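Here are a few notes to keep beside you while you look through this structure for the first time. Take them in order, and turn the view as you go.

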Amino acid sequence: MNYYVIYDGNCNLCVTLVQFLETLDQGKLFLYAAMQDEQTLTQWGITSQDCQQGMILIDANAPERRWQGSDAAEEIGKLLPMGSLFVDAYRTIPGMKWAGDRFYEQIRDNRYTLFGKRATTYQSAYCVDGGCKIGND
């Protein structure tokens, strides 16, 4: 089973998190596409307006199954080893899901101000179409 992670390739925080996932997973479960890769996103009917709502996770085996924003982050967490324990615990604490959603929205809406914007779009070594460049920063 594979998942596609759609991330902001111009966001320093987003790229750092993708690089962390790349190190953990090494392309076994997750493949990546930058939000700036409009050609790839068109395959799934994803628009730039959709991307404004945050990262997107797509089930590669059933592309109609999607998560966005904090839901995508939680689903990624659940898919990591032992991640379900933490995500399930987080979800059981009253008010945490609501607070987490608001926190995600604040980070999403202010990511360039808080963490900076890259001069070039990061392309993962584990890209969706398999034609990615290994070794970019």
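The points below go from the overall fold to single residues.

1. **What you are looking at.** This is a predicted model, where local features need pLDDT of at least 70 and side-chain atom pairs count only at pLDDT 80 or more, while totals for chains, interfaces and linings use all residues. Residues are numbered from 1 along each chain as its sequence is written, and side-chain values use heavy atoms, with hydrogens and water left out.

2. **The fold.** You will find six helices and four strands in the protein; helices (H or I, at least four residues) and strands (E, at least two) are DSSP runs, numbered from the N terminus. Along the sequence the order is β-α-β-α-α-β-β-α-α-α. The radius of gyration is 15 Å, close to the 14 Å that the globule rule gives for 137 residues, so the protein is as compact as a globular protein of that length. That radius is taken over C-alpha atoms, and the rule is 2.2 Å times the number of residues to the power 0.38. Along the principal axes, the C-alpha atoms fill a box of roughly 45 × 35 × 30 Å.

3. Of the 137 residues, 41% count as buried; buried means under 20% relative accessible area, exposed over 50%, and partly exposed in between, with a 1.4 Å probe and protein chains only. Contact means heavy atoms within 4.5 Å. Among contacts between residues at least 6 apart in sequence, 62% join residues at least 24 apart.

4. **An aromatic cluster.** Which residues do ring pairs link into a cluster? They are Tyr3, Phe30 and Trp67. Rings of Phe, Tyr and Trp (its six-membered ring) pair if their centres lie within 6.5 Å; planes under 30 degrees apart count as stacked, over 60 as edge-to-face and the rest as tilted. The structure holds five aromatic pairs. One of them, Tyr3 with Trp67, is tilted, at 6.2 Å centre to centre and 55° between the planes. This pair links distant parts of the chain, with Tyr3 in strand S1 (residues 3–7) and Trp67 in strand S4 (residues 66–68), 64 residues apart. Tyr3 and Trp67 are both buried.

5. **Tyr32.** Look next at Tyr32 in strand S2, which is buried with a relative accessible area of 2%. Not counting residues up to four places away in sequence, Tyr32 touches Val5, Tyr7, Val18, Leu21, Glu22, Ser124, Tyr126, Cys127 and Val128.

6. Leaving aside neighbours within four places in sequence, Asp101 is in contact with Ser70, Glu74 and Tyr90.

7. **Two loop residues to check.** Most residues other than glycine have a negative phi. Gln26 has a positive phi of about 55°; it sits in the loop between helix H1 (12–25) and strand S2 (30–34) and is partly exposed, at 46% relative accessible area. Met82 also has a positive phi, near 70°. Met82 lies in the loop between helix H4 (70–79) and helix H5 (83–92), and is exposed, with a relative accessible area of 57%.
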